[in-house]
Amino acid sequence: MADVEFIKSHLTSHPDFPKKGIVFLDIFPILRNPLAFETLITHLIHHITSHTLAISQAKKVDVVVGLDARGFLLGPIIALRLGAAFVPVRKVGKLPGQCISATYEKEYGTDSFEMQADAIKPGQNVIIVDDLIATGGSAKAAGELVAKQGAKTLEYLFIVELLFLQGSSKLDAPVYSVIQSDD
């Protein structure tokens, strides 16, 4: 698809960042180009409306959850276009009020995410959004927070999926990534 190639052409690679041996895929050039950013958002909305909702019994998305921090760049726009609420998932101690938490494994230890306890209602249909899926730990934690609220994750959306790390196999709902990478 031409739109995927256009989006992909705006990604930049940074070898040995944030540490030696890692090639960081930078999405920020997409955001600096209004046409590329609009193409990305339109592509994701088209996928949701033509695929995700087509196979869903509910036929609607109630909540878009965005992961700290790049999911905050995509999630509110997608939620607005779908007429859904946006709910952030943040690192511990960053949200006010009563929160629920989930811990996840990282390549060098553990971390935790939180969501406000009243952010999602039981029975709501949720899409979880982030820029990239690698090992799947942070996305899995977000899915656990959605489940703790009694809601259903319809799908996980990512700009990039690192296939060789098999992160999507850890998740409790289908995964859609605009770009898949084997390296």
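Let's start with helix 5, residues 137-148. At 1.5 Å a residue, its 12 residues should span 16 Å, and the end C-alpha atoms are 17 Å apart, which agrees. Please keep in mind that this is a predicted model.

So which residues of helix 5 are buried? They are Gly-137, Ala-139, Ala-141, Ala-142, Gly-143, Leu-145 and Val-146. If you look at what covers them, you will find strands, including strand 3 (63-67), strand 4 (85-91), strand 5 (99-106), strand 6 (109-116), strand 7 (125-133) and strand 8 (152-162). Just after the helix comes Gly-150, with a positive phi of about 80 degrees.

Seven strands make up an open sheet, and the order across it is 5-6-4-3-7-8-9, with mixed pairing. Strand 5 and strand 9 (175-181) are at the edges with a single partner strand each, so one side of each has no neighbour in the sheet. From one strand to the next, the twist averages 20 degrees. As a reminder for anyone new to this, strands of a sheet pair through backbone hydrogen bonds, either parallel or antiparallel.

We have both kinds here. Strand 4 and strand 6 pair in the antiparallel sense, over two bridges, and Arg-90 has Glu-114 of strand 6 as its bridge partner. Two helices pack on this sheet. Helix 4 touches strand 3, strand 4, strand 7 and strand 8, and its direction makes about 165 degrees with that of strand 4. Helix 5, where we began, touches strand 3, strand 4, strand 5, strand 6, strand 7 and strand 8, and its direction makes about 155 degrees with that of strand 5.

Now come with me to strand 7. How many of its nine residues are buried? Eight of them are, so to speak, under cover: strand 7 is mostly covered. On one hand, strand 7 runs parallel to strand 3, and four bridges join the two; there, Val-65 stands opposite Ile-128 of strand 7. Strand 7 also runs parallel to strand 8, this time with eight bridges, and Ile-127 has Glu-155 in strand 8 as its bridge partner.

Asn-125 lies in strand 7. Is Asn-125 buried or exposed? Its relative accessible area is 8%, and the cut-off for buried is under 20%, so Asn-125 is buried. Leaving out residues up to four places away in sequence, Asn-125 touches Ala-58, Lys-60, Val-61, Asp-62, Val-63, Lys-152 and Leu-154.

The other residue is Thr-153, in strand 8. Thr-153 is buried too, with a relative accessible area of 8%. Beyond its neighbours within four places in sequence, Thr-153 is in contact with Val-126, Ile-128, Gly-143, Val-146, Asp-172 and Ala-173.

In soluble globular proteins, nonpolar side chains tend to be buried together. The largest core in this model has 30 residues, and the members that touch the most others are Leu-40, Val-61, Leu-74, Ile-78 and Val-178. Which elements give two or more residues to this core? They are helix 1 (2-8), helix 3 (34-55), helix 4, strand 7, strand 8 and strand 9. Helix 3 provides the largest share, eight residues.

Setting aside neighbours within four places in sequence, Val-178 is in contact with Val-4, Ile-7, Leu-40, His-43, Leu-44, Phe-158 and Ile-159. There is also a second, separate core of 24 residues, and among them are Val-87, Ile-100, Met-115 and Ile-120.

Last stop: the aromatic rings. How many aromatic pairs does a search of the whole structure find? It finds three. One of them is Phe-17 with Phe-24, an edge-to-face pair at 5.3 Å centre to centre, with 85 degrees between the planes. Phe-17 is partly exposed, at a relative accessible area of 45%.

Another pair is Phe-72 with Phe-86: the ring centres are 6.3 Å apart and the planes are at 85 degrees, so this pair is edge-to-face. Phe-72 lies in helix 4 (residues 71-82) and Phe-86 in strand 4, so the pair ties together parts that are 14 residues apart in sequence. Phe-72 is partly exposed at 23% relative accessible area, and Phe-86 is partly exposed at 26%.

Definitions and conventions. Residues are numbered from 1 along each chain as its sequence is written. This is a predicted model: local features need pLDDT of at least 70, side-chain atom pairs count only at pLDDT 80 or more; totals for chains, interfaces and linings use all residues. Side-chain values use heavy atoms; hydrogens and water are left out. The expected span of a helix is 1.5 Å times one less than its number of residues. Buried means under 20% relative accessible area, exposed over 50%, partly exposed in between (1.4 Å probe, protein chains only). Contact means heavy atoms within 4.5 Å. Rings of Phe, Tyr and Trp (its six-membered ring) pair if their centres lie within 6.5 Å; planes under 30 degrees apart count as stacked, over 60 as edge-to-face and the rest as tilted. Two strands pair if DSSP finds at least two bridges between them. Axes are lines fitted to C-alpha atoms, for helices over the stretch in contact, and angles run from 0 to 180 degrees between N-to-C directions. A nonpolar core is a set of buried Ala, Val, Leu, Ile, Met, Phe, Trp, Tyr and Cys residues joined through side-chain atoms within 4.5 Å.
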